[in-house]
Amino acid sequence: MKDSQVRIRIPIRHANEHRRTLPAEESPGFIAASTQTSKLAQQRSGTRRTLPDEARYARRATAVTPAVHPVGTSLPASGAAARDIRGANLPPVSMPVPHLRPATGRAPRWGSYRPWLPAAAIAGLLALALAVPALMTWPRHTAQPLPPGSRKAAPEMPVAAAKSEAPVTRLPGVPPIPAVPAAPARGVPAVAEPDVRVYVTSTGRTETLPLEEYIVGVVAAEMPPSFEGEALKAQAIAARTFITRRLLADDTSGTPAGADVTDTVKHQAYISKAKLAREWGHSGKATELAKIRQAVHDTKDTIMVYEGKPITASFFSTSNGYTENSEDVWAKAVPYLRSVSSPWDKQLAPRYTETITLSRQSVFDRLGLSRAAMAASTGGESTPEIQVLSKTEGHRIKKIEVGGTVFTGPEIRNKLGLRSAEFTWRTEGNKIAITTYGYGHGVGMSQWGANGMAKEGYTATQILLHYYTGISFAQASRILS
């Protein structure tokens with residue numbers, strides 16, 4: 001062999017095998033670190049010196065040699081390091097330097113021999129094939145609308161508070177909830193609207209019409225159309241609940257044959273469809289009728305229930321400041337007909353108080369008292385003519401003694417034709433002046449109280465939740481189906 005030629009035999013081994021045979025001090029990156037250190041030192045000193053032997057001759061066995069330059073070629077270099085190598089008359093020996101970032105035109109960092117690449121590619125494809133279905137089925141957490149009964153929105157400013165500076169009477173324990181129950185889920189078949197058969201006393205005929213149209217006639221008859229919209233909605237729900245309860249029980253008591261209900265206050269007052277069209281639609285009340293229809297439409301199919309059954313949705317005109325417990329009027333305790341406060345009536349109702357004057361003889365005659373009882377009651381000033389024995393929780397007269405006979409407050413009211421069972425009296429010679437407070441039996445919802453609550457910003461459901469204790473809302477069509 002010639003002196004000018006050097007043959008180098010490079011054993012080809014697996015990369016992992018080479019890594020295991022390298023000494024710790026000559027691990028990959030050792031030559032690169034030495035070369036870079038020498039470069040920095042020469043650049044700082046500005047001198048031209050040859051590189052040490054460690055940098056001149058690369059180790060033959062390198063774990064990740066990208067390519068071995070053939071004999072007679074030199075290591076590509078640039079900058080000061082390249083000039084130093086050319087000036088040292090080094091033999092043309094290949095100098096693979098592992099773990100250095102290759103310059104432009106230089107071979108890639110890893111060699112072309114990659115025994116691990118097929119296995120890695122297959123493993124990557126398998127991982128991707130497993131990951132894609134998992135990502136497609138991964139649960140998405142999107143914002144879902146809250147149920148109407150559990151939605152917690154920001155509190156709204158009451159309407160009345162925004163319009164005026166009037167004092168607002170707030171009631172504890174009346175949470176804001178939607179005006180109507182949640183709509184039925186999709187896919188639930190719609191139930192046909194039931195018909196109501198109403199006996200019209202003025203004509204002596206029975207009128208049959210859809211339930212919602214019947215409610216329009218009831219609201220028009222039972223509540224002034226000048227009332228607030230939320231009060232009209234509350235009245236519509238109460239009226240719908242009343243008739244739904246009768247239809248569900250197939251109760252036709254107090255009606256002629258073939259009728260479900262009459263148009264009197266014995267059941268519910270009602271204005272016939274023909275009369276509404278004739279007297280409201282063409283006499284300047286078209287706007288008021290449209291307002292009532294809107295209230296009925298907004299509460300369509302909504303009723304009040306207690307333990308899943310329609311309630312006895314009793315209502316009356318004006319309270320004395322409180323409503324009554326049912327047992328103090330009808331001798332039967334009903335859990336949702338409890339006495340509650342109603343301070344709005346006194347402020348709004350135009351006939352909150354009314355005074356009538358009756359003769360002493362007329363009072364005793366209406367009460368069915370004998371002349372002897374009347375004579376005894378007027379025998380002396382120390383013997384009271386009328387004496388209150390007890391009052392109800394609703395501040396009305398519960399028991400009262402007149403001429404030695406005990407009556408209940410509702411009995412006195414009915415026999416004397418009084419507007420309320422709360423009253424006071426004074427005698428003026430042979431006359432008795434009786435002053436009543438409020439109007440109606442006092443059980444359930446006060447209509448003037450409902451209007452007062454609506455003026456202060458309460459919704460229809462808040463009004464009903466106040467006057468009917470512990471009730472909830474349902475759909476009449478489902479109950480009747």
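1. In this note Ala, Val, Leu, Ile, Met, Phe, Trp, Tyr, Cys and Pro count as nonpolar, Asp, Glu, Lys and Arg as charged, and the others, Gly among them, as polar. The model is predicted, so that local features need pLDDT of at least 70 and side-chain atom pairs count only at pLDDT 80 or more, while totals for chains, interfaces and linings use all residues. Residues are numbered from 1 along each chain as its sequence is written, and side-chain values use heavy atoms, with hydrogens and water left out.

2. The whole structure holds one cavity of 30 Å³ or more, a cavity being a set of points on a 1 Å grid over the protein atoms alone where a 1.4 Å probe fits but cannot get out, with lining residues having an atom within 4 Å of a point. The largest cavity contains about 50 Å³ of space, a volume being the space filled by probe spheres set on the points, which are joined across faces, edges and corners. Its lining divides into nine nonpolar residues, no polar and no charged, including Val-363, Ile-400 and Phe-423. Helix H13 (360-367), S9 and helix H15 (409-416) each supply at least two residues of that lining; helices (H or I, at least four residues) and strands (E, at least two) are DSSP runs, numbered from the N terminus.

3. Strand S9 (residues 397-402) is joined by five bridges to strand S8 (residues 386-391), the two running antiparallel, where strands pair if DSSP finds at least two bridges between them. Ser-390 stands opposite Lys-399 in S9. S8 and S9 form a hairpin with five residues between them, and His-395 in the turn has a positive phi of about 65°.

4. An open sheet of three strands has the order S2-S1-S3, with mixed pairing. Strand S2 (205-210) and strand S3 (261-262) stand at its edges with a single partner strand each, so one side of each is left without a neighbour in the sheet. S1 (residues 195-200) and S2 pair in the antiparallel sense over six bridges, with Val-196 opposite Leu-209 in S2.

5. For helix H8 (residues 229-249), the 21 residues should span 30 Å at 1.5 Å a residue, and the end C-alpha atoms are 31 Å apart, which agrees; the expected span is 1.5 Å times one less than the number of residues. Of the 21 residues of H8, 15 are buried, meaning under 20% relative accessible area (1.4 Å probe, protein chains only). Asp-250, which follows H8, has a positive phi near 55°.

Notes
Buried < 20%, exposed > 50% of the residue type's maximum accessible area, 1.4 Å probe, protein only. 1 Å grid on protein atoms, 1.4 Å probe; cavity = no way out; pocket = protein on both sides within 12 Å on 5 of 7 lines; lining within 4 Å.
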